[in-house]
Structure formats: C-alpha cells, structure tokens
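Subject: Structure handover

Hello,

Here is the structure for you to look over. My notes follow below it.

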Amino acid sequence: MYVAVKGGETAIENAHQLLAEERRGDPDVAEIELTQIDEQLGLAVDRVMTEGSLYDRRLAALAVKQARGDVIEAVFLLRAYRTTLPRFGASEPIDTARMEIRRRISATFKDLPGGQILGPTFDYTHRLIDFDLAEPSDDAPEAPLAETPVNDAMPRVNELLESEGLLERAAPPEDDPEPFDLTREPMSFPAGRDQHLQNLARGDEGFLLALGYSTQRGFGRNHPFAGEIRMGEVAVEFVPEELGFAVELGDITVSECQMVTQFTGSKEAPPQFTQGYGLAFGFCERKTMAMALVDRALRAEEFGEAVEYPAQDSEFVLYHSDNVEAQGFVSHLKLPHYVDFQAELTLVRRLRADYEQAHRQEAAE
Amino acid sequence: MLGNSSDDASNAARKRWIGVLARTDLDTLEDSYATLSPLPKHAILRKSETGLVMVRGRANGTGQKFNAGEMTVTRCSVRIPSGMVGHAYVAGRSRRHAELAAIFDALLQDPDHAAGIEDNLIAPSALALAEARQLKQRKAAATKVDFFTMVRGEDPA
C-alpha cells in the first residue's frame with residue numbers, strides 16, 4: 001500500500017540538479033559527444049537498441065549519455081520514447097541469407113562454402129588490458145584489405161543439413177500468419193514461438209545468458225552446436241500503402257545465431273537435428289547465442305520432452321526476461337511504504353511480546 | 001494516383017532509386033538539391049513525420065514470422081508542379097532527409113528532370129554506396145580463415 005505523501009518537491013528538484021551536475025562530471029573534462037558514444041562505445045549502443053527494442057543508433061547513444069552509462073536505464077528511456085511515436089506498419093521479414101556479411105562462423109562445418117569469416121571479434125584476443133589505449137593516439141588503426149570481397153550471398157550452413165533431411169525444416173506455417181505482438185497484446189499462454197522469440201529478442205542479456213548456461217550445465221536437455229553465427233547489414237523492406245510495392249528503408253546491422261541440437265526422435269518425428277534461433281540488433285553475439293539456447297529449451301513440449309527446468313518453463317522465462325518490467329517491480333520497493341511498514345511493526349511487536357511472555361512462563365514453571 | 005504507374009518495370013526502377021535516396025547522406029541530398037535551377041516548388045501532401053516500423057524476422061531465418069523489434073522511420077509525401085507525387089520512407093528521424101527524398105522521388109518520375117537527377121545524384125550515390133560496401137567486404141574477407149592440416153608422424157611420401 002502506498003500513501004500519498006506531500007513534501008519533498010524541493011529535495012527532488014535539487015536531486016535532479018545534482019544528477020545533472022554529476023552526469024556532466026568535471027567541467028574541465030570535455031563533454032562526451034553522441035558520435036563518440038556511437039563510434040567508440042558501439043556495443044553498448046547495440047545492446048541498448050536490442051533490449052530497448054528500437055533500432056536508432058543516435059537515439060540509443062543519447063540514452064546511454066543521459067543514463068550515465070547505465071544500460072538498463074538507457075533501455076528504459078528508449079522504451080518510453082517509442083510510446084510517443086505512431087506505428088507505420090511492419091516490415092517484410094528481413095532476409096538474413098542476403099546479409100552483407102561482416103562475420104560468419106560455424107562450429108559444425110570447417111569447410112563451409114564462403115568460409116569462416118572472423119570479422120571484428122574479441123575471440124582469440126588475450127583479454128589482457130591494453131595500456132596503449134589509455135592515452136589517445138594520433139594513428140588510426142587500419143584493417144588489412146583482401147583482394148576479393150566476401151561473397152554477396154552466402155548459403156546458410158543449415159541448408160547443408162536440411163537438404164539431407166537431417167535438420168527440422170524451417171518453413172513458414174501454412175498461410176504464413178501474422179505474428180503475435182507483445183507491444184499490442186498482453187502475454188498469453190501457451191505461448192507460440194513467435195511470442196517467445198519476440199520476448200527473448202528484447203529480453204535481458206544477463207538473464208538469458210544465465211538461463212542458456214543452465215541448460216548447458218544439465219538444467220535442461222540441450223546439447224547444442226553453434227551451426228552458424230553471422231553479423232552484418234540487412235536491408236529492411238516495407239510496403240507503403242500509397243505505393244503498393246516494397247521499398248528499402250535503409251540497412252540495419254543484425255546478429256544471428258542458429259544452434260543445432262540432436263534430437264532422438266519421437267512417434268511423429270524421425271531422429272534429426274532441431275534448431276534454436278537467436279536474432280538481435282547490432283553486434284550482440286553473446287545475446288543471440290543465449291537466446292538460441294533458451295529458444296530451443298522453450299520448445300521442449302513441441303518435441304515431447306519433459307518440462308523440468310526453469311529454462312524450459314515458458315511462463316517463468318517470458319514473465320521474467322524483460323529488464324524494464326523487472327527493474328520497475330524491484331524499484332517500486334523504494335517508494336514510501338510507511339503505513340504498510342507501521343502495520344508490520346505493530347504486528348511484530350505484539351508477536352514479540354507474546355513470545356517473551358511465553359518464555360517467561362516457561363522459565364517460571 | 002498521379003505518377004504512380006503499376007507497371008512492374010517502372011516499379012523496379014522506382015524501388016531502386018527510393019532505396020538509394022534512403023541510404024544517401026543528408027549533406028549529399030542537400031548539395032544536389034541546391035544545384036537544381038530553378039528550385040522546384042513543391043506542395044507538401046503529408047508533412048514529414050517520424051514513426052515506427054516493426055522489423056520482422058523469421059524463426060531459424062526462414063520459418064515462422066516474428067516481431068524482432070522496431071526501428072524509427074520518417075516519411076513524407078510531396079507534389080511537384082508537373083503533378084508528380086513523391087513519397088519517402090527513410091530509416092531514422094531526419095525530417096529534412098525524408099522531405100528531400102520525397103522531392104527527388106517526384107522529380108525522378110518527371111521526364112524533364114529524371115535523366116539529370118539520375119546522372120548527378122542517383123548513379124554517383126549508388127556507386128559510392130557500392131564502393132563502401134565493397135571496402136567493408138574486403139576487410140571482412142581479410143579475416144577469412146585458411147585452414148591447413150598438420151602432418152603428424154606419418155611418412156609424407
């Protein structure tokens with residue numbers, strides 16, 4: 001129970017001014033610019049866009065600045081901003097097979113067509129602090145150039161397995177139905193895969209990472225391989241009513257992960273590999289891997305597997321993955337609960353008195 | 001609707017330039033617009049406004065559709081004196097970008113302007129975009145792994 005309390009206006013106003021001063025920091029230090037955040041802290045921007053569920057680099061950079069680098073606060077700012085805008089419609093599904101590849105690896109096939117493209121990865125770095133970065137440098141690093149660019153269209157690794165019938169077919173259901181939209185409909189159960197993929201796509205990376213990890217450690221049936229991970233730019237197509245044909249709005253950067261998991265078969269389905277899918281805005285590879293693990297775990301019922309662990313429980317996962325909702329409910333504990341607490345205090349005092357009286361009697365006997 | 005042919009070939013041509021205009025940076029559009037003489041007077045049919053488009057994906061890349069997340073998009077519609085109507089839908093929040101893209105979309109449907117704008121704006125911009133893309137793809141290609149097999153113990157005869 002919350003009680004309307006008057007007062008504190010001046011304290012709040014002053015607190016906001018103090019926040020503004022601390023956000024700016026030492027005025028002798030140059031103020032950070034949005035292009036610097038976008039260019040040099042780009043992965044923070046990517047994460048804020050992904051979990052904020054809104055692709056707009058500059059806006060996400062501004063949110064990071066306003067939130068003083070607090071990623072979840074920045075995500076909250078983006079979610080709040082999107083509610084102020086009208087919805088023009090939905091895009092055509094992006095075609096990640098036509099991605100302009102900047103990174104593409106497979107842990108299942110060494111010699112895949114198109115090759116293993118490492119791209120701008122932290123993998124194989126030694127994770128030693130690089131003190132050369134401590135001071136700005138005049139020499140901009142330059143990446144080497146190959147003679148021949150990577151192929152425009154690279155076949156999906158999974159097509160190799162699909163063509164042999166060894167992988168569940170990933171075809172649209174009959175009539176290719178309009179997907180569930182969490183921004184317009186309340187959560188409903190049992191949740192379809194469209195609903196859970198949307199939920200996971202904007203879900204908290206830390207939560208999904210821990211859940212994905214739990215499936216690997218035995219809290220879920222999952223023995224996956226990273227069939228393919230890719231990152232790069234895809235065109236977004238949209239059909240404006242006034243034109244009647246699809247036009248390109250521009251390109252967005254996305255990361256995608258396809259996990260393949262062995263499946264021993266059921267009465268209906270032969271033994272084959274099944275898939276878990278991860279997709280995120282920007283370069284959020286760890287997020288897409290975690291998402292793919294959890295996506296596959298949530299498909300347990302579909303494959304007749306026992307639902308025994310948290311990562312397989314769709315109500316548990318979908319209701320707790322959203323960090324804006326989660327922080328809202330946790331943070332509400334900061335609101336005044338003075339009357340609630342007074343009531344509990346009275347109760348505990350009375351119980352305590354009863355308890356002490358009982359002990360005194362016991363001692364006397 | 002004036003100027004909106006349903007012919008597939010002209011739709012394909014228009015789709016191409018709309019895609020180029022959406023990706024061309026604002027400075028380039030402004031510079032190109034400033035060189036038009038006389039500056040075409042255009043009527044605003046729909047003022048530039050920013051909104052959202054829900055980006056969709058498919059499960060496993062090719063399966064069931066799902067909503068992946070939204071993006072900001074700005075749209076605008078104009079009419080030029082010759083009667084041609086131009087539309088723009090551009091990623092991001094730049095109202096001016098959408099307005100200029102809509103003006104160019106209208107002008108490109110106008111036989112008096114089409115060739116000039118194609119030569120001075122669309123073709124060079126498409127080339128610059130392709131070059132930037134190629135540079136990016138050459139950098140990516142330099143990170144391609146060349147596997148080699150270690151010979152272990154056997155007689156390499």
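**Helix H4 of chain A and its surroundings**

The buried residues of H4(A) pack against helix H2 (34–40), helix H3 (42–52), strand S1 (54–55) and helix H5 (71–82) of chain A. Contact here means heavy atoms within 4.5 Å. Helices (H or I, at least four residues) and strands (E, at least two) are DSSP runs, numbered from the N terminus. H4(A) covers residues 57–66, and its buried residues are A:Leu59, A:Ala60, A:Ala61, A:Ala63 and A:Val64. Buried means under 20% relative accessible area, exposed over 50%, and partly exposed in between (1.4 Å probe, protein chains only). Just after H4(A), A:Arg68 has a positive phi of about 55°.

Some ground rules. This is a predicted model: local features need pLDDT of at least 70, side-chain atom pairs count only at pLDDT 80 or more, and totals for chains, interfaces and linings use all residues. Residues are numbered from 1 along each chain as its sequence is written, chains are lettered from A and ligands numbered from 1 in the order in which they are written, and side-chain values use heavy atoms, with hydrogens and water left out.

**Chain A overall**

Chain A has 12 helices and 6 strands. Its C-alpha trace spans about 90 × 65 × 55 Å along the principal axes. Of the 365 residues in chain A, 41% are buried. Take the contacts in chain A with a separation of 6 or more: residues 24 or more positions apart account for 65% of them.

**Domains of chain A**

The assignment gives domain 1 (9–82) and domain 2 (96–119 + 150–170 + 179–321). The bounds come from an automatic or database domain assignment. The two domain centres, taken over C-alpha atoms, are separated by 29 Å. Domain 1 brings 12 residues to the contact and domain 2 brings 15 residues. About 1100 Å² is buried between them, with 56% from carbon and sulfur atoms. Buried area is the accessible area (1.4 Å probe) that two parts lose on being put together, summed over both. Which three residues supply 49% of the area that domain 1 buries against domain 2? They are A:Arg47, A:Thr50 and A:Tyr55, more than any other three residues.

**Helix pairs**

The axes of H5(A) and H11(A) come within 9 Å and cross at roughly 110°. Axes are lines fitted to C-alpha atoms, for helices over the stretch in contact, and angles run from 0 to 180 degrees between N-to-C directions. H5(A) and H11(A) are therefore roughly perpendicular. Angles under 35 degrees count as roughly parallel, over 145 as roughly antiparallel, 65 to 115 as roughly perpendicular and the rest as oblique. H5(A) contributes A:Ile72, A:Val75, A:Phe76 and A:Arg79, and H11(A) contributes A:Asn323, A:Val324 and A:Gln327.

In chain B, H3 (residues 95–108) and H4 (residues 111–141) pack at an angle of about 130°, with axes 8 Å apart. H3(B) and H4(B) are therefore oblique to each other. B:Phe104, B:Leu107 and B:Leu108 of H3(B) meet B:His113, B:Ala114, B:Ile117, B:Glu118, B:Leu121 and B:Ile122 of H4(B).

**Two loop residues in chain A**

A:Ser321 sits in the loop between H10 (314–320) and H11 (323–331). At 1% relative accessibility, A:Ser321 counts as buried. Not counting residues up to four places away in sequence, A:Ser321 touches A:Asn199, A:Gly203, A:Asp204 and A:Phe207.

A:Glu268 is in the loop between strand S5 (247–263) and strand S6 (272–281). At 72% relative accessibility, A:Glu268 counts as exposed.

Best wishes
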